[in-house]
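Here is a short briefing to read alongside the structure.

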Amino acid sequence: MSALDGLRVVELGAFAAGPAVGKHLADHGAEVIRIESRARPDGFRSNYPPYLDGLPGTERAGMFAMTNNDKLGVTLDLKSEAGLALARRLIDRADVVVENFTPGTMTRLGLGYDTLRAGNPRLVMLSTCNQGQTGPNAQRAGFGTHLTAQSGFLHLTGWPDRSPSLLWGPYIDYIAVAYGFVAVMAALDERSRTGAGTHIDLSQYETGLQFAAPALVEYSATGQVAERDGNRHPELAPHGVYSCSGEDRWVALSVHDELEWERFRRALGDPPWSLRPELGSARGRKLEEAEVDAGIAEWTSARTREEAVRILREAGVHVAPVNDMADIHSDPDLAAHAVFRALRHAVMGEYLAVGPPFLLSETPAHLERPAFQLGEHNREVFQGLLGLSESEFQACEAAGAFD
Amino acid sequence: MLELGGELGWLCGKILADLGADVIKIEPPGGDEGRGGTAFVAHNVGKRSIVLDLDSEVDRARLRQLALRADFLVETFTPGHLDRLGLGWADLHAANPRLVMTSITAYGQHSPHAQAPASDLEIMAAGGALSLAGDPDRPPVRVTLPQAAAWTGAYAAMGTLVAHHHRQATGRGQQVDVSAQAAMLPILVQAPMFWSLLGQVPVRSGPNLVGRNLAGARLRNIWPCRDGYVSFALYSGHAGRQSNQALADWIAARGMLPAELEGFDWDAFDPVTAPREDVERIQAAVEPFLASLAKDEFLAGCRERRLLGYPVATAADIAADAQLADRQVWQLVGGVSHPSGWARFDSRVGRIARPAPALGEHQAEVLGELGAVLA
């Protein structure tokens, strides 16, 4: 038994913010049907490396594969009467619709919430988009990096004496995924009491602000604008990333109290620079941070990352390797948490999907089916689930429903 | 919901409080270790607070009583700690089979390094997120404003509500084992697949995007402007082509378009497949143009010309954003502006119910409620 058995979800949209919500629902057993356009398939299939063997192709895209395991994929031309009718039939039998089009699109397609609710008063619809369904900037186009910049995160990343650094990928989208998912679950909970569905208006920008809230609250309280400062901490020292032997090998470490400082110093072999009494307090170490960092770097650069981590872990000091994308695949803690799940795809072969960071004791996520190919489940869904006969299916096909 | 422990649990508790749950922080006599900073205030609004000393048998009994009546319990103790106190999952589940217990730790309940201390920096490092940001000639960087606890708390809330949904159907609770390190994976997006599909390791690249252009060109994303920085990049797809063209037209209107780019076929240009020289030539023209504009000017131009561009906003920029004012995002709580209402349910906007609690502020109230139940 899965946690979300029996939950029926219809997904419209593309890229991450909507489909990753659907992915988490599918991971836990919901039936998730994606409606895709054959004429304009999901942009993740065509605009984002990596591709199998580095060659682009609709069924070769890693980004799409990661976001769409365990779903059913159909193609519908929503601009055709027959296609729209089928979409409505799918939604009439669904519990949840997830869409991440620009505001107004669903209504223009004839799939606005008021229309859908008339056929299905219990429907929970999540509309997730850049800046929300309303407001002066609701129609402003932007991709994940833009909203990450707008939400304040880029300003806060990098070194104080230089341009901010980019964060990898659409950082903000995945914050919105968590809040969108939570909102859907909350709406379903409310429905269990009231019997009624609801329309959820989620702004990726606004959810991003929840993660930036400490800086926003600080500004409101003091007028101070938070600034980037590399890996430094306002009070603690040492607190940073230090180079180890080898190419691009780093450890991250931090010392949080005076007893930890003692253990840290001892683990380093009590180097003379560390014995000065002024360094016995965080404040003192903060004042001499550059010297402390230099002393530590001398120690770490004479060791491998693994050795440095081992020694400091034995001493009970906050430390971790700066893992790269190869390292995480052999990391024993991520393995113990069943993070990477192998799936077999008809074109891509075996690929690694990613399970959720949470493992439920009785009904953990099961990742079993690879991302769907374009229109792969047209028959399974329209005949198998909706009950179209062969002649009805062919009539729809002739009418351009699946184009 | 009962919330025990530290910052890894804060946002899980706040999210449930935002949704209307009664979230009670149970703090040790010295208070939550994170008290005293703005992060504590930002992520602990909406909650009540009592003090229980889990070294005392009386207080452990109180916690057990509270847990018997709770729907949710979130805790961030090192694995094994609550078990040794007779308050672990096995104990609480036996006493309250409906309880959903969310156990949040740096590496998960059963990992080899479950006992290793890790703060924001180490979690970002272990989870791979730290490796992907920063300038190539300096160490990799985290976001200076700590993010690991936020990701962990938000994804913990997801798992908590999945377990809740299951409980609605079956009457049975579950333990939700959350690994903060694993909660860093969403930040990586498709970066792990560069390795698993192609054997490539993405590296930090400062203000540039790598891995998008197939010929290895770096697509610049952050550009200095007259009074700060802006986010702009060359994009693919319909919207991207429009935007690329619009920028070129604007540069030309200012008389700053180099001769070699006149008559450039923007409709055919795709930054994913374009050769390096094309990308570099275009970006060389973009740089001085953007440097000549103020943030406001740039934004106005993006609006008028339908260009994909945004400011690299500061807290001050965000506080002044008309979109957020229109959406009534700001709520004054305890005299300070908080972003609230992160989702509207049929236009209902959730509001923060109370300021971040003082330590033990609700002791009498909560224990009084408990007493009333037990009487």
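## A sheet in chain A

In chain A, strands β7, β8 and β9 make an open sheet of three strands, in the order β7-β8-β9, with antiparallel pairing. Please keep in mind that this is a predicted model.

- The edges are formed by β7 (239-243) and β9 (318-321) of chain A, each of which pairs on one side only.
- On average, neighbouring strands of the sheet are turned by 20° against each other, direction ignored.
- Five bridges hold the antiparallel pairing of β7(A) with strand β8 (residues 250-254) of chain A, and in β8(A) the residue opposite A:Y242 is A:V251.
- Helix α11 (residues 289-301) of chain A packs on the sheet, where it touches β7 and β8 of chain A. The direction of helix α11 makes about 40° with that of β7(A).
- Another helix, α12 (residues 305-314) of chain A, lies across β8 and β9 of chain A and runs at about 155° to β9(A).

- Chain A contains 15 helices and 12 strands, while chain B contains 15 helices and 15 strands.
- The C-alpha trace of chain A spans about 85 × 50 × 40 Å along its principal axes; for chain B the spans are about 85 × 45 × 40 Å.
- Of the 403 residues in chain A, 56% are buried. In chain B, 55% of the 375 residues count as buried.
- Taking contacts in chain A between residues at least 6 apart in sequence, 68% join residues at least 24 apart. For chain B, counted between residues at least 6 apart, 68% likewise join residues at least 24 apart.

**Where the chains meet**

**Strand β6 of chain B**

- Strand β6 (residues 175-179) of chain B is mostly covered, with five of its five residues buried.
- Which residues point which way from β6(B)? B:Q175, B:D177 and B:S179 point one way and B:V176 and B:V178 the other way, and all are buried.
- Within chain B, β6(B) runs parallel to strand β5 (residues 100-105), joined by five bridges. Here B:M101 has B:Q175 as its bridge partner in β6(B).
- β6(B) also pairs with strand β12 (residues 358-360) of chain A, in the antiparallel sense and over three bridges. In this pairing, A:F358 stands opposite B:V178.

**The nonpolar core and a buried isoleucine**

- In general, nonpolar side chains of soluble globular proteins tend to be buried together.
- The largest nonpolar core here has 243 residues, and those with the most contacts inside it are A:V182, A:V184 and A:A252. Helix α7 (residues 171-194) of chain A contributes the largest share of this core, 16 residues.
- Setting aside neighbours within four places in sequence, A:V184 is in contact with A:V21, A:V96, A:V124, A:L126 and A:I200.
- Over in chain B, B:I123 sits in helix α6 (residues 120-126). Why does B:I123 count as buried? B:I123 is buried because 30 other C-beta atoms lie within 10 Å, and the cut-off for a buried residue is 20 or more.
- Beyond its neighbours within four places in sequence, B:I123 is in contact with B:A106, B:A118, B:A148, B:A180, B:Q181 and B:M184. B:I123 and B:A180 are 57 residues apart in sequence, yet 6.7 Å apart in space, C-alpha to C-alpha.

Methods
Residues numbered from 1 in each chain as written. Chains lettered and ligands numbered in written order. Predicted model: local features only at pLDDT ≥ 70, side-chain atom pairs only at ≥ 80, totals over all residues. Helix = DSSP H or I, 4+ residues; strand = E, 2+ residues; numbered from the N terminus. Buried ≥ 20, exposed ≤ 12 C-beta atoms within 10 Å, placed from the backbone. Contact = placed C-beta atoms within 7 Å. Core = buried A, V, L, I, M, F, W, Y, C linked by C-beta atoms within 7 Å. Pairing = 2+ DSSP bridges. Axes fitted to C-alpha atoms, helices over the stretch in contact; angles between N-to-C directions.
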